[in-house]
Amino acid sequence: MKELFKDILNMKEVEGILLITFDGRLVYKEFKPSLTGTPENLDWPSVLSVLAGLREADFNFENGRIYFRRTGVGYLVVISKGNLSGAMLRLNCDILMPSLNPSKQSRSLKRFFKK
């Protein structure tokens, strides 16, 4: 799964990534050694209940930022330093989204190739 998130993790300002299901279970985490604290131990169900219905949220703090992005399986949480380009982060997330959405059965061309 690390390969999926490598573009985001390679941004020098990004400190870590979490993928959390809608019910608050931690699916994936990856942090740089420079990150202090343990964000994976937060009460994620309570945090995510506040975000219900939002596509994305970006919280900026004095020393950093937390970006939430809704996916097909839950929320992607990106923890970064404050000087990260929001546009670049959104672009990398947009590229990643098809990989995090459950595949849909497409009928588009299948019906033309039936025997």
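This is a predicted model: local features need pLDDT of at least 70, side-chain atom pairs count only at pLDDT 80 or more; totals for chains, interfaces and linings use all residues.
Leaving out neighbours up to four places away in sequence, Leu26 is in contact with Leu18, Leu19, Ile20 and Glu40. Leu26 belongs to strand β2, which covers residues 26–31. Its relative accessible area is 35%, so Leu26 counts as partly exposed. A further reference point is Gly74. Leu26 and Gly74 are separated by 48 residues in sequence, yet their C-alpha atoms are 9.6 Å apart.

Now step back to the whole chain. The protein chain has three helices and five strands. Along the sequence they run α-β-β-α-β-β-β-α. The chain has 115 residues, and 36% of them count as buried. Consider the contacts with a sequence separation of 6 or more: residues 24 or more positions apart account for 48% of these.

The largest nonpolar core holds 17 residues. Within this core, Phe5, Ile8, Leu76 and Val78 touch the most other members. Helix α3 provides the largest share, with five residues. Phe5 shows how the parts meet. Apart from neighbours within four places in sequence, Phe5 is in contact with Ile17, Leu19, Tyr28, Leu76, Leu96 and Leu100. There is also a second, separate core. This one has ten residues, among them Leu48, Leu51, Phe68 and Tyr75.

Some nonpolar side chains sit on the surface instead. Met1, Leu4 and Val27 form a nonpolar patch there. Together these residues have about 250 Å² of accessible area. Met1 lies in the segment before α1. With a relative accessible area of 48%, Met1 is partly exposed; the cut-off for exposed is over 50%.

Glu15, in strand β1, is a case in point. Its relative accessibility is 7%, so Glu15 counts as buried. What does Glu15 touch, beyond residues up to four places away in sequence? The list is Glu30, Phe31, Lys32, Ser34, Leu35, Ile79, Ser80 and Lys81.

Turn to the strands β3 and β4. Strand β3 spans residues 56–60 and strand β4 spans residues 65–70. The two pair in the antiparallel sense over five bridges. They form a hairpin, with four residues between the strands. Across this pairing, Ala57 stands opposite Phe68 in β4. Phe68 is also one of the residues in the second core.

Side chains of opposite charge can pair when their charged atoms come close. The whole structure contains nine salt bridges. One of them joins the side chains of Glu3 and Lys6, at 3.7 Å from N to O. Glu3 is exposed, with a relative accessible area of 57%. Lys6 is partly exposed, at 36%.

Asp58 takes part in two salt bridges, one with Arg65 and one with Arg90. Its bridge to Arg65 has an N to O distance of 2.6 Å. Is Arg65 buried or exposed? At 8% relative accessibility, Arg65 counts as buried. Asp58 has a relative accessible area of 26% and is partly exposed. The bridge between Asp58 and Arg90 has an N to O distance of 3.9 Å. Asp58 lies in strand β3 and Arg90 in helix α3, so this pair ties together parts that are 32 residues apart in sequence. Arg90 is partly exposed, at 30% relative accessibility. These pairs belong to a wider set. Salt bridges with shared partners join Arg55, Glu56, Asp58, Arg65, Arg69, Arg90 and Asp94 into one network.

Technical notes:
Residues are numbered from 1 along each chain as its sequence is written. Side-chain values use heavy atoms; hydrogens and water are left out. A nonpolar core is a set of buried Ala, Val, Leu, Ile, Met, Phe, Trp, Tyr and Cys residues joined through side-chain atoms within 4.5 Å. Buried means under 20% relative accessible area, exposed over 50%, partly exposed in between (1.4 Å probe, protein chains only). Contact means heavy atoms within 4.5 Å. Patches are made of residues with over 30% relative accessible area and no salt bridge: like charges are joined within 9 Å, nonpolar side chains (Val, Leu, Ile, Met, Phe, Trp, Tyr) within 5 Å. Accessible areas come from the Shrake-Rupley method with a 1.4 Å probe; for residues, only the protein chains shown count as cover. A salt bridge is a side-chain nitrogen of Lys or Arg within 4 Å of a carboxyl oxygen of Asp or Glu. Two strands pair if DSSP finds at least two bridges between them.
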